[in-house]
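Me: I have a structure to read and I am new to this. Can we go through the features step by step?

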Amino acid sequence: MELSGIAAYLVSFFTFVGIYGILALGLNMQWGFTGQFNIGIAGFFAVGAYTSAILTTPESPWHLGGFGQPFLVGVLGAVIVSALVGLLIGWITARLRTDYLAIATIGIAETLRLIIANESWLTNGVRGMSGIDRPFSDFFQALGLSSAMGSLIVVAAFLAGVYFLVERARQSPWGRVLRAIRENEPATEAAGKNIGRFRLEAFVVGSAIMGLGGALYAHYFGFLSPEAFLPLYGTFLVWVMLIAGGSGNNLGALVGAVVIWTIWSGSEFVMSASLPEGYGGYAGPLRVILIGVLLQVILIARPEGLLPERAPQAIATTRRERARQQ
Amino acid sequence: MIRIERVSKAFGGLQAVRDVSLEVAPGSITGLIGPNGAGKSTLFNIVAGLLRPDRGRIYLDGKDITGRRPYELFHLGLVRTFQIPHELARMTVRENLMVVPPGQAGENLLQSWFLWRRVRRQERDIREKVDDVLDFLSIDHLADERAANLSGGQKKLLDLGRTMMTDARAVLLDEPGAGVNRTLLAHISEAIQRLNRERGYTFCLIEHDMDLIARLCDPVYVMTNGALIASGPMSEIRANEEVREAYFGGGGARMGQAQ
């Protein structure tokens, strides 16, 4: 591969890492902090992607809208709509514990995917939506950067913002209550916390972050079809990333996104280079097996992930601590 | 302070609590004793809002609190500990205590995101309060330990510490001495006494250790088979034939020992 090809590959690689990193941070808020077993990530991912696509594409006879709005309006819309979907689902499932929540979320995510595939007035169904513009491509062109590079910069900026907010949430008293709920619900309720409220908030904010990831994906990839939101890509990979990186640890979520995406996308090259002729069709399933085995190895060898959760740094020091330091 | 009025509760065919009325006077350390399965914990769970009584009412300072959720009762000044310590295992001892105080601005996510200075200021006050509690209980050396690593007795102390992080006035203690060694038990009972005398906490506690009950509690209520059979100071309880019969199988050996 020549140099420009490698550069283009790296841009695409890190853009996907960034998008998956955002999804993993959203999941970390739900699972890592609060212990909510959401296996419907793909659903929120899809809602965000389609919302932004419908809002930003030019008017089309093939789907709802488009409304020709700017990129940032699309992103904002994606965040709001996926938060509302999260609110609805969270409200319905508020009283469900982990395994029941899991069943409910995967059911809802699959329902959403089938709606997307079948309600073609809304989404153009299985034929998909195309012509979704990359963010600020004129601006980046004026700077002499490709639209792909521009996407990477935009994704990186959003990732940094999300990381900041999620990490601050973790360090805050709000995040402390979430972790307390994860550890022991009766004790947290006995400490006067309205755990229903906190669980709903974590679920909604996590869902909104996943929706943001979906919008960024739509604008990077430029084309959406229901295929992209199969549980394998939208949900399973994100879970493996968070578990491998270290659930409860935001930096771990990002490390997990880098490591797992490296293995996942790298395995494509390896498989296509090493499988004998005529066996190419096995590459996809073999990659899934590879990731599945990897997940098992991690769960046995490093159950807390590459970067295990640690108590957050104190956000304030007491008189005594200051005195000791002097 | 807490008034239980004619409370009954059945689980299927089992009548766990029958028509129990009792009163926990303000400033008292009231004991609740009885053999296993007597319905003490069920009664506790009803008062603490985890279970709804089939019949009867619970009052806190004259206010009907029947059926209120535990977190609502917390804000009315009624807190509890659990028979099996409910520590937040993967959080530090300090975090276990810091999570408790009510009205933390930082429990609002938007304030945590955008009013960070205010959250920090409040956090400092809470940390200082935690230091006081850890000192009071003499477990300040464990502040940064994961709660999962504490011994059973230390977890009981931590539970007690959690109640001290509140402005609670009434505290329900479910077997504060269970599984705790003698040294630590003396420590726990001293802490309860000091909290009662110095800070005006009212306690109601379930306990099997007759020493601890005799040392701390007045009055003492006795339950068997879901019903209240006696009440009064421990000296009277010891002399009560019905209690001896029901609780100690007539032998009264342990009572003699406790003396």
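Me: In which hand does helix 3 of chain A pass helix 10 of chain A?

Reply: Some ground rules come before that. This is a predicted model, in which local features need pLDDT of at least 70, side-chain atom pairs count only at pLDDT 80 or more, and totals for chains, interfaces and linings use all residues. Residues are numbered from 1 along each chain as its sequence is written, and chains are lettered from A and ligands numbered from 1 in the order in which they are written. Now the crossing. A crossing is left-handed if the near helix is turned anticlockwise from the far one by less than a right angle, and right-handed if clockwise. Helix 3 of chain A passes helix 10 of chain A in a right-handed crossing.

Me: At what angle do the axes of helix 3 and helix 10 of chain A cross?

Reply: Two packed helices are described by the angle between their axes and the distance between the axes. Axes are lines fitted to C-alpha atoms, for helices over the stretch in contact, and angles run from 0 to 180 degrees between N-to-C directions. Here helix 3 (residues 71-92) and helix 10 (residues 195-221) of chain A cross at roughly 145°. Their axes come within 7 Å. Helices (H or I, at least four residues) and strands (E, at least two) are DSSP runs, numbered from the N terminus.

Me: Which classes of residue make the contact of helix 3 with helix 10 of chain A?

Reply: Ala, Val, Leu, Ile, Met, Phe, Trp, Tyr, Cys and Pro count as nonpolar, Asp, Glu, Lys and Arg as charged, and the others, Gly among them, as polar. This contact has 16 nonpolar, eight polar and no charged residues.

Me: Is Gly32(A) buried or exposed?

Reply: Count neighbours. A residue is buried if 20 or more other C-beta atoms lie within 10 Å of its own, exposed if 12 or fewer, and partly exposed in between, with C-beta atoms placed from the backbone. Gly32(A) counts as buried because it has 29 C-beta neighbours inside 10 Å. Gly32(A) is found in helix 1 (residues 3-33) of chain A.

Me: Which residues does Gly32(A) touch, beyond those up to four places away in sequence?

Reply: Two residues are in contact if their C-beta atoms, placed from the backbone, lie within 7 Å. By that rule Gly32(A) touches Leu242(A), Ser247(A) and Gly248(A).

Me: How many residues does each chain give to the contact of chain A and chain B?

Reply: Chain B gives 32 residues and chain A gives 29. On the side of chain B, helix 5 supplies the largest share, seven residues. That side divides into 14 nonpolar, seven polar and 11 charged residues.

Me: What domains does chain B have?

Reply: Domain bounds come from an automatic or database domain assignment. For chain B it gives domain 1 (2-87 + 154-258) and domain 2 (91-149). Their centres, taken over C-alpha atoms, are 28 Å apart. Domain 1 puts 12 residues into the contact and domain 2 puts in 13.
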